[in-house]
Amino acid sequence: MFAKRISVEQVEEGNELAPKFDADGLLPCVTTDADSGEVLMLGYMNEEALRRTIETGEAHYYSRSRKVLWHKGATSGLVQKVVELRIDDDQDAVWLRVKIPGDASCHVGYRSCFYRSVPTGQAGDKPVELKFEETEKTFDPKAVYGDAPNPTIL
């Protein structure tokens, strides 16, 4: 499914998919809402996740914290249906435009994983205070995931 990387011209100007996975075998993947363009999440794909995403038309990622392939929404039902998959100029990052049922993408319950903003132009020794841009969750994570372990690692 993936071509061998032979030349810069082939990678940048050719029509063969020849992804460059990093030293850990991963590609970063920016995922946005297909209609609004809102950034929903940043994930990573290994070769198998990219292959399954292409084959099924549903987003698959590699969970760095759990170290497993992850079919987004398999547990919650919030499956990301791929409308478009793009790869960047040097084929080391991908962008998914997706549609999701239930209008949520974050395991915390918010629509986007980027539900807080960071104020800029501040200096000092005290920690920066985040601002919540989304104030209401679109679903209750406990009701959806039950006692499944939280994927966030401290």
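Visitor: Why is lysine 81 called partly exposed in this structure?

Guide: In this predicted model, lysine 81 has a relative accessibility of 42%. Partly exposed covers values between the limit of under 20% for buried and that of over 50% for exposed, so lysine 81 counts as partly exposed.

Visitor: Is glutamate 58 buried or exposed, and how do you know?

Guide: Glutamate 58 has a relative accessible area of 16%. Because buried means under 20%, glutamate 58 is buried.

Visitor: What makes glutamate 58 and lysine 81 a salt bridge?

Guide: The closest N and O atoms of glutamate 58 and lysine 81 are 2.6 Å apart. The rule asks for a side-chain nitrogen of Lys or Arg within 4 Å of a carboxyl oxygen of Asp or Glu, so the pair qualifies. Side chains of opposite charge can pair when their charged atoms come close.

Visitor: Where in the chain do glutamate 58 and lysine 81 lie?

Guide: Glutamate 58 is in the loop between helix H2 (47-56) and strand E3 (60-63), while lysine 81 belongs to strand E5. The two residues are 23 residues apart, and their pairing links distant parts of the chain.

Visitor: Why is strand E5 called an edge strand?

Guide: The open sheet has four strands in the order E2-E1-E6-E5, with mixed pairing. Strand E5 (81-87) pairs on one side only, as does the other edge strand, E2 (39-45).

Visitor: How do you know that E5 and E6 pair?

Guide: Six bridges join E5 to strand E6 (residues 94-99), and the two run antiparallel. Pairing requires at least two bridges, so E5 and E6 meet the requirement. Isoleucine 87, for instance, has valine 94 in E6 as its bridge partner.

Visitor: What makes glutamate 84 and arginine 97 a salt bridge?

Guide: Their closest N and O atoms are 3.0 Å apart. The limit is within 4 Å, so this pair also counts as a salt bridge. Glutamate 84 is in strand E5 and arginine 97 in strand E6, 13 residues apart.

Visitor: Why is arginine 97 called partly exposed?

Guide: Arginine 97 has 22% relative accessibility. Buried would need under 20% and exposed over 50%, so arginine 97 counts as partly exposed. Glutamate 84, at 25%, is likewise partly exposed.

Visitor: Why does the pair of glutamate 133 and lysine 131 count as a salt bridge?

Guide: The N to O distance between these side chains is 3.9 Å. Because the cut-off is within 4 Å, the pair is included.

Visitor: How many salt bridges does this rule give?

Guide: The count comes to nine salt bridges.

Note on methods
Residues are numbered from 1 along each chain as its sequence is written. This is a predicted model: local features need pLDDT of at least 70, side-chain atom pairs count only at pLDDT 80 or more; totals for chains, interfaces and linings use all residues. Side-chain values use heavy atoms; hydrogens and water are left out. Buried means under 20% relative accessible area, exposed over 50%, partly exposed in between (1.4 Å probe, protein chains only).
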